[in-house]
Amino acid sequence: MLFIRCSFCHQLVFRPFYSSHKAKHTELRADGQMTDHITVHPSGRYQGSLENVPQVYYHAKCGGGTGMPEEIIRSYLVNPFLYSDRSFCCGCNDYVPTDELFWVETNESLLEYKNGLKRAYIRRYGAPPPKREV
Ligand SMILES: [Zn+2]
Ligand SMILES: [Zn+2]
């Protein structure tokens with residue numbers, strides 16, 4: 001394939017340019033967070049209400065709270081295998097393990113929460129989604 005569908009901006013990118021293209025998305029901003037995160041294409045994201053979905057988490061080690069971006073929530077609700085087991089903490093200005101992060105709304109760790117979504121996914125579809133080339 002000559003083109004790669006970018007997992008960050010969902011544009012088609014000419015393969016030889018993909019690594020430099022991707023580097024722009026993953027470049028760290030002044031606050032330590034990557035410029036962009038991979039997401040599910042807007043048309044494939046979870047479209048339902050987020051009313052009962054936890055959206056803010058805290059890190060007991062530093063006391064910091066962080067809001068989960070909506071496009072990321074709507075992405076892992078349809079594909080809980082998309083993200084690694086680290087998430088950004090605004091208190092640490094760094095990515096920390098999700099078993100250290102707890103939802104303000106439910107007190108559940110992000111790791112447990114994500115594992116629950118993964119189990120539900122496998123119950124529904126029988127297997128994890130095929131790994132994408134990123
Ligand atoms: Zn891109
Ligand atoms: Zn922290």
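This is a predicted model: local features need pLDDT of at least 70, side-chain atom pairs count only at pLDDT 80 or more; totals for chains, interfaces and linings use all residues.
**Figure 1. Overview of the chain, with three helices and seven strands.** From the N terminus the elements follow the order β-β-α-β-β-α-β-β-β-α. The C-alpha trace spans about 45 × 40 × 25 Å along its principal axes. The radius of gyration is 16 Å, which agrees with the value near 14 Å that a compact globule of 134 residues would have. Of the 134 residues, 12% count as buried. Among contacts with a separation of 6 or more, 51% join residues 24 or more positions apart.

**Figure 2. The open sheet of three strands, in the order S4-S3-S7.** Pairing in this sheet is antiparallel. Strand S4 (64-67) and S7 are the edge strands, each pairing on one side only. Neighbouring strands are turned against each other by 30 degrees on average, with direction ignored. Strand S3 (residues 56-59) and S7 are joined by three bridges.

**Figure 3. The largest nonpolar core, with seven residues.** Its members are Tyr-57, Phe-88, Cys-89, Leu-101, Phe-102, Leu-110 and Tyr-113. Strand S5 (86-89), strand S7 (101-103) and H3 each give two or more residues to this core. Leu-101 can be followed from the sheet view into this one. Leaving aside its neighbours within four places in sequence, Leu-101 is in contact with Tyr-57, Cys-89 and Leu-110 among others. The contacts of Leu-101 also include His-59, Ser-87, Val-96 and Ser-109.

**Figure 4. The hairpin formed by S5 and S6.** S5 and strand S6 (residues 94-97) pair in the antiparallel sense over four bridges. Cys-89, one of the core residues, stands opposite Asp-94 in S6. Four residues lie between the two strands. Asn-93 belongs to this turn and has a positive phi of about 55 degrees, although Asn-93 is not a glycine. Most residues other than glycine have a negative phi. Asn-93 counts as partly exposed because it has 15 C-beta neighbours inside 10 Å, a count between the limits of 12 or fewer for exposed and 20 or more for buried.

**Figure 5. Asn-107 in the loop between S7 and H3.** Asn-107 is not a glycine, yet its phi is positive, at about 70 degrees. Asn-107 has 9 C-beta neighbours inside 10 Å and therefore counts as exposed.

**Figure 6. Leu-111 in helix H3 (residues 110-125).** Leu-111 has 17 C-beta neighbours inside 10 Å, so this residue counts as partly exposed. Not counting residues up to four places away in sequence, Leu-111 touches Asp-85, Thr-98 and Asp-99. The C-alpha atoms of Leu-111 and Val-40 are separated by 20 Å; along the chain these two residues are 71 residues apart.

Note on methods. Residues are numbered from 1 along each chain as its sequence is written. Chains are lettered from A and ligands numbered from 1 in the order in which they are written. The radius of gyration is taken over C-alpha atoms; the globule rule is 2.2 Å times the number of residues to the power 0.38. Two residues are in contact if their C-beta atoms, placed from the backbone, lie within 7 Å. A nonpolar core is a set of buried Ala, Val, Leu, Ile, Met, Phe, Trp, Tyr and Cys residues joined through C-beta atoms within 7 Å. Two strands pair if DSSP finds at least two bridges between them. Axes are lines fitted to C-alpha atoms, for helices over the stretch in contact, and angles run from 0 to 180 degrees between N-to-C directions.
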